[in-house]
Amino acid sequence: MVTSLHIPRLVIAAPSSGSGKTTVATGLMAAFSERGLAVSPHKAGPDYIDPGYHALATGRPGRNLDAFMCGPELIAPLFAHGAAGCDLAIVEGVMGLYDGAAGRGELASTAQVAKLLRAPVVLVVDASSQSRSVAALVHGFASFDPQVRLGGVILNKVGSDRHEAMLREALEEAGMPVLGVLRRAPQVAAPSRHLGLVPVAERRTDALSSVAALADQVRAGCDLEALMALARTAPPLACEAWAPERALFGAAGHNPAAPPAFGAPGPGGGGAAPVVAVAGGPAFTFSYAEHAELLTAAGAEVVTFDPLRDEALPDATTGLVIGGGFPEVYAPELAANAPLREAVAGFAAAGGPVAAECAGLLYLARTLDGKPMCGVLDADARMSERLTLGYREAVAVSDSALAATGTRLRGHEFHRTVVEPGAGAAPAWGFTHPERRVEGFVQQGVHASYLHTHWAAEPSVALRFAEAAARSR
């Protein structure tokens with residue numbers, strides 16, 4: 001049922017990466033949360049790391065809005081799902097405001113997300129090396145697409161009172177409100193490494209301090225009342241909120257063509273729910289909240305475990321999901337946990353369904369940088385100088401517990417590692433764009449690949465996996 005969603009919302013964008021979007025968005029989320037508001041955090045694009053900081057700032061799951069992987073038609077429904085019952089929603093953009101999927105125009109850009117959500121945009125500008133030119137820069141971004149409503153600017157990395165006065169004067173002449181001014185504050189910067197910020201799970205105590213410092217900085221430098229007033233100018237958003245049960249079973253909550261073969265929630269189910277163990281902890285931090293929600297809606301019990309510390313899989317595990325993360329950083333510790341490596345290998349050898357993405361692929365390999373891993377796959381992984389990054393269009397080329405042959409999905413790759421060989425006798429995916437190649441491994445119940453996917457785009461994969469887990473009991 002289409003409803004009218006009345007929620008104040010802002011999109012935090014920038015002219016380019018590195019301007020301070022994460023600093024401002026996270027600080028705003030924390031500052032408004034500290035005022036007692038329920039803040040819904042969102043991130044445009046496929047990034048897994050920033051949503052971890054958003055969740056820390058708000059106490060709610062950080063959710064991604066990716067128009068390439070999920071399609072533009074799902075952006076508003078997924079937003080409405082995450083923002084239900086909240087007082088304010090803040091969406092952190094990706095790259096520069098108008099940057100999107102290569103060669104696809106505005107697709108997957110922050111600008112497209114802002115238009116789909118009918119949300120005002122706040123532009124975060126790194127003003128460290130300019131003064132009056134800031135007005136020309138902002139004017140260009142404000143006028144490039146008339147459908148994008150630029151509501152104001154937050155100036156970042158301002159050097160002095162005189163510098164601030166020059167910037168404000170220039171923007172006043174351009175008729176653009178200045179909603180905040182942040183001075184250089186390196187002490188609140190989060191550490192980075194080869195794939196971006198260090199995830200929250202690896203530095204939780206320090207991350208809490210960083211988020212608190214960001215809230216202080218934003219509270220002192222930004223006009224929160226003016227920002228909230230701008231957020232309230234967003235018109236009602238008419239859409240049907242995404243719901244995992246409806247995505248799986250249709251509007252009536254049940255699809256007779258694909259009924260669950262086990263316990264609640266589907267009608268006619270019986271028996272105990274299958275247990276799907278999901279890898280977590282510092283080495284495996286990449287996941288989309290909707291994946292666990294879909295598995296739960298399909299009738300599975302989702303249990304998290306930490307491959308760095310747990311020496312056995314959760315009790316009664318019948319399905320195993322090993323998502324992305326940084327196993328290369330923790331290769332010695334993962335190798336040292338031989339009991340769990342053997343348990344994973346035994347589960348896979350017995351035909352248990354395993355869905356592994358990127359870090360999960362590395363963990364299932366024979367070795368990672370010379371350290372022993374689970375040995376499920378006849379392949380070896382190592383760090384590389386080359387960054388593999390980009391959106392992919394893929395089709396399943398082998399039947400697996402995750403996807404039937406011919407299933408089409410859009411995803412993304414993001415890694416500095418290489419697996420040799422890159423594909424098994426039965427590959428997981430055939431990439432159709434931007435280049436044509438096969439990739440990944442399907443053997444027995446295992447589906448392992450570098451490709452990150454968003455299951456909300458194709459909920460059948462979650463149902464198929466949950467059903468495989470039920471059969472493996």
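Apart from neighbours within four places in sequence, Ala348 is in contact with Val376, Gln444 and Val446, where contact means heavy atoms within 4.5 Å. Ala348 is part of helix H12, residues 338-349. Helices (H or I, at least four residues) and strands (E, at least two) are DSSP runs numbered from the N terminus. Ala348 is buried, at 4% relative accessible area; buried means under 20%, exposed over 50%, and partly exposed in between, with a 1.4 Å probe and protein chains only. Between Ala348 and Val94 there are 254 residues in sequence and 37 Å in space, C-alpha to C-alpha.

The model is predicted: local features need pLDDT of at least 70, side-chain atom pairs count only at pLDDT 80 or more, and totals for chains, interfaces and linings use all residues. Residues are numbered from 1 along each chain as its sequence is written, and side-chain values use heavy atoms, with hydrogens and water left out.

**The parallel sheet**

An open sheet is formed by seven strands in the order S4-S3-S5-S2-S6-S7-S8, with parallel pairing; two strands pair if DSSP finds at least two bridges between them. Strand S4 (63-65) and strand S8 (178-183) are the edge strands, each pairing on one side only. From one strand to the next, the twist averages 25°. Strand S3 (residues 39-44) and strand S5 (residues 88-92) run parallel and are joined by five bridges. Ser40 stands opposite Ala89 in S5.

H2 lies across S3, S4 and S5 and runs at about 170° to S3. Helix H8 (residues 224-231) packs on the sheet and touches strand S2 (9-13), S5, strand S6 (121-126), strand S7 (150-158) and S8. The direction of H8 makes about 110° with that of S2. Axes are lines fitted to C-alpha atoms, for helices over the stretch in contact, and angles run from 0 to 180 degrees between N-to-C directions.

**The second largest pocket**

The second largest pocket has a volume of about 800 Å³. On a 1 Å grid over the protein atoms alone, a pocket is an open set of points where a 1.4 Å probe fits, with protein on both sides within 12 Å along at least five of seven lines; lining residues have an atom within 4 Å of a point. Grid points are joined across faces, edges and corners, and the volume is the space filled by probe spheres set on the points.

The lining of this pocket has 37 residues, and Phe284, Thr285, Phe286, Ser287 and Tyr288 lie nearest the centre. H2 gives the largest share, five residues. Among the other elements that each supply at least two residues are helix H10 (289-297) and strand S13 (301-305). The lining divides into 24 nonpolar, eleven polar and two charged residues. Ala, Val, Leu, Ile, Met, Phe, Trp, Tyr, Cys and Pro count as nonpolar, Asp, Glu, Lys and Arg as charged, and the others, Gly among them, as polar.

**Backbone exceptions**

Most residues other than glycine have a negative phi, and most peptide bonds are trans. The table lists exceptions.

| Site | Feature | Value |
|---|---|---|
| Glu420 and Pro421 | cis peptide bond | omega about 0° |
| His433 and Pro434 | cis peptide bond | omega about 5° |
| Lys157 | positive phi, not a glycine | phi about 60° |
| Asp369 | positive phi, not a glycine | phi about 50° |

Pro421 is in the loop between strand S19 (408-420) and strand S20 (429-433), and Pro434 is in the loop between S20 and strand S21 (437-439). Lys157 lies in strand S7 and is partly exposed, at 30% relative accessibility. Asp369 is in the loop between strand S16 (367-368) and strand S17 (371-372); with a relative accessible area of 33%, Asp369 is partly exposed.
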